[in-house]
Amino acid sequence: MSKDYSILIGGAAGQGSRLAGNLIAKIFNRLGYQIYVYEDYQSLIRGGHNFSQIRVGEKGFQSRREKNDFLLALDKNTLNLHKKDLVQNGLIIFNSDRIESKEGVGVQIERIVKEMGGIPIMANTALISAFSKIVGIDFEILKEVFTTEIKKSIDLNLKIAKKTFEETKTLLKVKKLEQKPKILLTGNEAIALGMAKAGLKFYFAYPMTPSTSIMNFFASRESLNVKVIQPENEISVINMALGAAFAGKRSAVGSSGGGFALMVEALSLAGQSETPILIVESQRGGPSTGMPTYNLQGDLSFVLSAGHGDFPRFVIAPGDAEQCFYYAGLGLNLAWKYQTPVILLADKDVSENTFSVDEKIFGLIKPENPVFWDKKGEYKRYKITENGNSPLAFAGEKNAIVKANSYEHDEFGVSNDEEKIVEKMQEKRLKKYVAMTKEVEKLPAIKVYGKNKSKTALISWGISKGVAMEVAEDLGIKLIQPIIIEPFPTKQMKKTLEGVKKIFSVELNTSGQMAQVLNKNGIKVDGKILKYTGRPFLAKEIEAKLKRIL
Amino acid sequence: MNQKNLLTYCLNTWCPGCPNFGILEAVRGAISELIEKGISRENFVLTCGIGCHGKIVDYLNLNSFYGLHGRCLCNAQGIKLANPNLKVIAFVGDGDAYNEGISHLIHAAKRNSNITVLVHDNRNFALTVSQFTATSPKGFKGSSTPKGSIEEPFNPLELVLTSGATFVARGYALKIVELKDLIVKAIEHDGFSFLEILQPCITFFDTRKFYEERIYKLKDFDFSLKEKALEKVREWDYKNGDKKIPTGIFYKVEKPTFEELVFKFSQF
């Protein structure tokens with residue numbers, strides 16, 4: 001059996017359980033484990049109940065386990081809520097200054113912090129230190145992680161850690177693995193890095209969970225050289241971005257479903273004016289305000305059909321941080337190559353959960369130039385070409401008049417609704433779609449996991465791919481993850497489905513939106529495995545449903 | 001397209017005699033003058049919304065982004081951010097900027113974005129065959145208010161002044177020379193410049209007589225004081241009645257622009 005631990009740390013909002021969970025993830029990363037951190041929090045600032053579930057393993061699991069090996073409780077609520085989710089012989093480590101419990105190991109974390117002259121939030125430091133000592137992690141590793149990660153009062157934090165470490169006894173020994181530590185990123189951080197690597201210059205956004213951390217990440221990393229602009233609303237967000245792209249600078253926007261809904265008129269403008277734009281849509285539970293901090297994959301049909309009129313778009317749905325990095329970069333390049341909108345469809349768990357990322361991925365993305373005007377003759381913004389893409393020039397370029405237009409237009413960009421011209425322009429945009437469809441077949445549009453030759457296949461996307469992968473491996477079946485969903489990779493999908501007799505879709509929504517996309521493309525699923533509670537699938541839930549329908 | 005000519009081949013479809021022709025003439029004159037003063041022609045970018053006013057970008061042989069109804073101030077600010085060397089001029093209508101896109105107008109003024117806004121205020125939605133807008137007087141008889149609109153108009157100059165605009169002026173579409181001078185000054189201003197152009201709609205709301213009996217040009221007005229500017233723009237409240245209507249520059253001050261502040265600490 002490969003090593004695989006699940007650690008749950010929880011507390012009230014404001015107690016810092018998320019940061020503590022992150023530090024624990026970093027400690028295990030240093031020990032060579034692959035990491036997946038699931039964040040569960042409520043839409044409030046103080047109080048309530050938040051927890052992080054940290055899965056660490058020799059293999060890269062990207063799903064949460066039902067039962068935890070360790071429960072770290074900052075408050076009583078955490079202990080009461082999660083005690084039942086402990087494996088047999090699982091270990092509880094709790095804040096004994098606040099909680100009374102007959103089971104587990106109590107540590108007086110608040111007393112230690114007080115004695116050392118710390119502030120209440122530093123109770124986390126003591127709890128992590130106690131946990132590390134109990135599971136036999138060297139203090140040196142703890143010190144190294146704290147020193148890199150804690151920005152404020154590091155000496156005081158180390159003093160608290162040391163004191164707790166000395167007061168606690170080792171009960172077991174977690175093995176150090178012979179694997180190199182990887183980079184830990186949330187999906188949103190990876191999206192930001194991927195866009196920056198592909199030459200992003202401006203990120204326009206209005207705050208909306210779970211997309212907000214992209215703008216915050218850019219704002220905190222000035223070295224990425226991406227300017228964050230926060231306009232008055234999402235309508236302004238996308239229209240400003242289109243202005244910046246028209247003037248030649250790579251621009252992206254981000255929101256969740258509700259904010260994206262406000263952008264839709266301008267999505268159509270991007271299609272008509274052929275202005276490149278990358279739109280990050282990180283889904284959360286809908287409809288309407290829905291569940292700001294919980295997840296559903298319910299916006300797929302919406303992003304595929306949003307916008308009035310016919311125009312081509314890419315829709316790409318990454319399922320982990322490596323994919324976020326790669327496809328965000330690819331998406332921005334595609335937006336410029338085809339001068340059309342690209343929607344990167346994430347979800348709350350892809351955006352906010354933390355994943356191990358192989359740094360090799362960073363070398364795969366660079367800015368790719370679109371076709372520019374050759375500076376010969378008169379410039380025509382909407383010149384009719386074989387593949388529909390017109391060479392680009394930008395305002396400020398000598399001897400070029402660049403006219404972009406939301407109105408139907410001629411090749412120069414002057415408004416026109418004469419029959420012949422309209423027909424030509426509609427066909428020009430259609431030609432781009434044909435070229436995009438060909439391009440998709442050359443790209444890694446779908447990924448396959450599990451047993452390739454199995455006659456049974458799961459089809460899952462976004463965050464659900466991680467847990468479906470675990471199921472596929474457990475049951476010896478195949479998993480197919482569509483990543484580029486529009487234009488649909490018909491040929492790749494057909495090839496992957498050769499020999500497959502039964503197909504089951506696995507997704508977090510009520511109607512089976514991926515199943516509908518497959519159906520539209522001539523692929524009928526034999527069953528839909530759906531969950532719509534706002535929480536991610538557990539492997540055993542999928543397995544139980546599969547057994548019923550197989 | 002003839003690069004030398006500021007007009008395109010596009011057939012002009014404004015109503016014969018529309019005061020928009022006066023605005024077009026004034027804009028052409030202003031841009032020619034600025035080109036002579038040394039601004040490169042390729043550095044002008046026009047944006048517009050949807051309505052009669054929007055057609056102007058089709059008629060002008062200059063860079064342009066023909067945007068959505070109400071949203072072109074956003075396009076304009078994005079363009080200016082991407083390339084601060086460009087002179088960005090946004091043409092908007094009253095329905096466009098005062099109804100649909102009012103939030104963008106307020107915020108563009110608030111951030112003192114270095115763009116120029118020229119409002120073709122004909123005080124009705126004309127292209128959709130006449131409905132009331134934010135500046136139509138109460139009682140305006142349009143196709144959706146045959147008995148007269150029940151809403152009072154607001155005063156856009158007062159709104160824009162209090163929102164943070166650093167250049168606020170008013171012109172009249174049929175006083176072309178004065179209008180051209182105001183457009184030149186608006187474009188030359190560093191910061192958010194707002195020029196409200198009273199434009200009679202001769203088909204649906206012919207205000208020529210009304211304006212010509214009331215407008216007067218500001219003389220020796222100290223436009224550096226906000227309180228005085230506010231008092232002056234309040235002289236006429238966009239209602240019917242006998243009040244005089246001042247034209248000219250009400251307010252002009254220097255302040256750091258949004259784009260300067262965005263790039264202040266950057267090696268962009």
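User: Is the crossing of α9(A) and α3(B) left-handed or right-handed?

Analyst: The crossing of α9(A) and α3(B) is right-handed. A crossing is right-handed if the near helix is turned clockwise from the far one by less than a right angle, and left-handed if anticlockwise. One caution: this is a predicted model, where local features need pLDDT of at least 70, side-chain atom pairs count only at pLDDT 80 or more, and totals for chains, interfaces and linings use all residues. Residues are numbered from 1 along each chain as its sequence is written, with chains lettered from A and ligands numbered from 1 in the order in which they are written.

User: Why is α9(A) called oblique to α3(B)?

Analyst: The axes of α9 (residues 234-246) of chain A and α3 (residues 72-82) of chain B cross at roughly 45° and come within 6 Å. Angles under 35 degrees count as roughly parallel, over 145 as roughly antiparallel, 65 to 115 as roughly perpendicular and the rest as oblique. Therefore α9(A) is oblique to α3(B).

User: What classes of residue make the contact of α9(A) with α3(B)?

Analyst: That contact has 10 nonpolar, six polar and no charged residues. Ala, Val, Leu, Ile, Met, Phe, Trp, Tyr, Cys and Pro count as nonpolar, Asp, Glu, Lys and Arg as charged, and the others, Gly among them, as polar.

User: Which element gives the largest share of the side of chain B that touches chain A?

Analyst: Helix α3(B), with eight residues. In total, the contact takes 32 residues from chain B and 38 residues from chain A. Two residues are in contact if their C-beta atoms, placed from the backbone, lie within 7 Å.

User: Why does Y327(A) count as buried?

Analyst: Y327(A) has 28 C-beta neighbours inside 10 Å. A residue is buried if 20 or more other C-beta atoms lie within 10 Å of its own, exposed if 12 or fewer, and partly exposed in between. So Y327(A) is buried. It lies in helix α12 of chain A. Leaving aside neighbours within four places in sequence, Y327(A) is in contact with I316(A), P318(A), L344(A) and I483(A).

User: How many residues has the largest nonpolar core?

Analyst: It has 227 residues. L344(A) is among those with the most contacts inside it. Helix α12 (residues 321-338) of chain A gives the most to this core, with 12 residues. A nonpolar core is a set of buried Ala, Val, Leu, Ile, Met, Phe, Trp, Tyr and Cys residues joined through C-beta atoms within 7 Å.

Methods. Helices (H or I, at least four residues) and strands (E, at least two) are DSSP runs, numbered from the N terminus. Axes are lines fitted to C-alpha atoms, for helices over the stretch in contact, and angles run from 0 to 180 degrees between N-to-C directions.
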